[in-house]
Amino acid sequence: MVLVVGPSGAGKDSLIDYARQRLLDVPHVVFPRRTVTRSESDFEDNLALSETEFAEA
């Protein structure tokens with residue numbers, strides 16, 4: 001498991017997108033969809049939940 005963490009605007013999504021493109025043909029590498037407790041964004045592929053929904057999940 002590889003976790004990519006850092007402050008907003010640090011380039012995490014760019015790094016993840018690069019890795020996703022490079023590893024498309026590697027069947028055992030999975031990029032799960034992120035679940036967040038903030039508003040959905042047109043620039044990120046994430047699922048927005050309330051803090052209560054997130055805790056329940």
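This is a predicted model: local features need pLDDT of at least 70, side-chain atom pairs count only at pLDDT 80 or more; totals for chains, interfaces and linings use all residues.
A pocket, as the word is used on this tour, is an open set of grid points with protein on both sides within 12 Å along at least five of seven lines.

Keep Asp13 and Arg34 selected, and look at their side chains, which meet in a salt bridge at 2.5 Å, N to O. Because Arg34 lies in strand 1 (residues 34-36) and Asp13 in helix 1 (residues 12-22), the pair ties together parts that are 21 residues apart in sequence. Arg34 is partly exposed at 28% relative accessibility, and Asp13 is likewise partly exposed, at 24%.

Next, select Arg20 and Asp17, whose side chains form a salt bridge at 3.0 Å, N to O. These two residues are three apart in helix 1, so about one helical turn separates them. Arg20, at 30% relative accessibility, counts as partly exposed, as does Asp17 at 41%.

Finally, move to the largest pocket, with a volume of about 640 Å³, and select Val2, Ile16, Val30, Phe31 and Pro32, the closest to its centre of the 19 residues in its lining. Helix 1 gives the most to this lining, with six residues, and by class the lining holds 12 nonpolar, no polar and seven charged residues.

Conventions. Residues are numbered from 1 along each chain as its sequence is written. Side-chain values use heavy atoms; hydrogens and water are left out. A salt bridge is a side-chain nitrogen of Lys or Arg within 4 Å of a carboxyl oxygen of Asp or Glu. Helices (H or I, at least four residues) and strands (E, at least two) are DSSP runs, numbered from the N terminus. Buried means under 20% relative accessible area, exposed over 50%, partly exposed in between (1.4 Å probe, protein chains only). On a 1 Å grid over the protein atoms alone, a cavity is a set of points where a 1.4 Å probe fits but cannot get out, and a pocket is an open set with protein on both sides within 12 Å along at least five of seven lines; lining residues have an atom within 4 Å of a point. Grid points are joined across faces, edges and corners, and a volume is the space filled by probe spheres set on the points. Ala, Val, Leu, Ile, Met, Phe, Trp, Tyr, Cys and Pro count as nonpolar, Asp, Glu, Lys and Arg as charged, and the others, Gly among them, as polar.
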